[in-house]
Every structure is written in C-alpha cells, then in structure tokens.
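This report goes through one protein model, from local backbone features to helix packing and a metal site. The sequence and the structure come first.

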Amino acid sequence: MDIKEIMNEATKTAKSKGFGIRTEADIPKALCLIHSEISEALEEYRNPEMPITTTYTEGLTKQKPAGFTVELADALIRICHLADDLGLDLEEAIKVKMAYNKTRPHKHGKKC
Ligand SMILES: [Mg+2]
C-alpha cells in the first residue's frame with residue numbers, strides 16, 4: 001500500500017465513522033489529535049510491561065491492536081486523513097523533503 005492508497009483508505013474509513021475535516025476550525029483539532037497519538041506512543045514506550053511490537057487488548061467489537069508501533073500507525077493514519085481531506089500531495093511532499101534532508105549537514109548543524 002503506498003501513501004496515496006493509505007490516504008484514500010484512511011479518509012474512507014474515517015468518513016464512514018463520522019469523522020472528517022468539515023471546516024477550517026477542524027484543522028487545529030486534527031493536528032492536536034495527531035499529536036495525541038504521538039503522546040500515546042510515548043506512554044506505550046515508557047510502559048515497561050508493554051512490548052514495542054503490536055499486542056492485542058479487549059476492544060469494543062474485537063481484539064484491539066495496541067502498543068508503541070500501533071500508536072505510530074495511528075499518527076500516520078491521522079496525518080494521511082488530514083492531508084487527503086485538504087487535497088495535499090503528501091507522497092510528493094515526503095519525496096521532496098527526504099531528498100532535501102539528504103543534502104543537510106550532519107545533525108543539521110546542531111549539537112543534538
Ligand atoms: Mg491511538
């Protein structure tokens with residue numbers, strides 16, 4: 001599955017569950033929710049009981065995937081959904097930025 005396919009699927013699923021960008025006011029909320037997934041990833045990483053790979057917990061309808069890797073996936077899904085709702089070419093932006101990153105100095109000239 002490429003980035004565009006993930007974007008389409010993320011939007012399709014989100015809309016079928018009643019989510020989506022309807023107004024400009026929804027954009028900051030979407031960014032906060034992306035951040036919340038990163039925070040969830042941090043909490044999973046800090047949990048000594050939780051392996052870094054995917055685990056399953058009891059969900060509402062079936063076993064729910066959980067863990068650090070799943071929270072990273074949640075963040076990516078939300079980013080893809082946001083980009084798709086806004087009509088952004090995320091795949092091209094990733095390619096352009098990764099190519100640029102290859103030209104940057106060691107640690108981008110920073111100490112850490
Ligand atoms: Mg999550």
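Lys 107 is partly exposed, with a relative accessible area of 46%; the class covers values between buried (under 20%) and exposed (over 50%), computed with a 1.4 Å probe on protein chains only. The model is predicted: local features need pLDDT of at least 70, side-chain atom pairs count only at pLDDT 80 or more, and totals for chains, interfaces and linings use all residues. Residues are numbered from 1 along each chain as its sequence is written, and side-chain values use heavy atoms, with hydrogens and water left out.

Lys 107 sits in the segment after helix 4, and its phi is near 50°, a positive value in a residue other than glycine. His 108 is also placed in the segment after helix 4. The phi of His 108 is positive too, at about 55°, although the residue is not a glycine. His 108 counts as partly exposed at 40% relative accessibility. Most residues other than glycine have a negative phi.

**Overall layout**

The protein has four helices and two strands, where helices (H or I, at least four residues) and strands (E, at least two) are DSSP runs numbered from the N terminus. Their order from the N terminus is α-α-β-β-α-α. The C-alpha atoms fill a box of roughly 50 × 40 × 30 Å along the principal axes. Of the 112 residues, 22% are buried. Among contacts (heavy atoms within 4.5 Å) with a separation of 6 or more, 61% are between residues 24 or more positions apart.

**Helix packing**

Two packed helices are described by the angle between their axes and the distance between the axes. Axes are lines fitted to C-alpha atoms, for helices over the stretch in contact, and angles run from 0 to 180 degrees between N-to-C directions. Angles under 35 degrees count as roughly parallel, over 145 as roughly antiparallel, 65 to 115 as roughly perpendicular and the rest as oblique.

| Helix pair | Angle | Axis distance |
|---|---|---|
| Helix 2 and helix 3 | roughly 170° | within 8 Å |
| Helix 1 and helix 4 | about 140° | 8 Å |
| Helix 1 and helix 3 | about 90° | 8 Å |

Helix 2 crosses helix 3 at roughly 170°, which makes the two roughly antiparallel. Residues on the helix 2 side include Leu 31, Ile 34, Ile 38 and Ala 41, and those on the helix 3 side include Leu 72, Ala 75, Ile 79 and Leu 82. This contact has 12 nonpolar, no polar and six charged residues; Ala, Val, Leu, Ile, Met, Phe, Trp, Tyr, Cys and Pro count as nonpolar, Asp, Glu, Lys and Arg as charged, and the others, Gly among them, as polar.

Helix 1 (residues 3-16) and helix 4 (residues 90-101) pack at about 140° and are therefore oblique to each other. Ile 3, Lys 4 and Met 7 of helix 1 meet Leu 90, Glu 91 and Ile 94 of helix 4. By class these are four nonpolar, no polar and two charged residues.

For helix 1 and helix 3 the angle is about 90°, so the two are roughly perpendicular. Among the residues in this contact are Ile 6, Ala 10 and Ala 14 of helix 1, with Ile 77, Cys 80 and Ala 83 of helix 3. The contact divides into seven nonpolar, three polar and three charged residues.

**Magnesium site and aromatic pair**

Which residues are the protein donors of the magnesium ion? They are Glu 37 (OE), Glu 40 (OE), Glu 71 (OE) and Asp 74 (OD), lying 2.1 to 2.2 Å from the ion. Donors are N, O and S atoms within 2.8 Å of the metal (3.2 Å for Na, K and Ca); water is not among the atoms, so sites may look incomplete. The donor spacing in sequence is E-x2-E-x30-E-x2-D. Glu 37 belongs to helix 2 and Glu 71 to helix 3, 34 residues apart. Both Glu 37 and Glu 71 are buried.

The structure holds one aromatic pair. Tyr 45 and Phe 68 form this pair, which is tilted, with 5.5 Å centre to centre and 50° between the planes. Rings of Phe, Tyr and Trp (its six-membered ring) pair if their centres lie within 6.5 Å; planes under 30 degrees apart count as stacked, over 60 as edge-to-face and the rest as tilted. Tyr 45 lies in helix 2 (residues 26-46) and Phe 68 in helix 3 (residues 68-85), 23 residues apart. Tyr 45 is exposed, with a relative accessible area of 56%.
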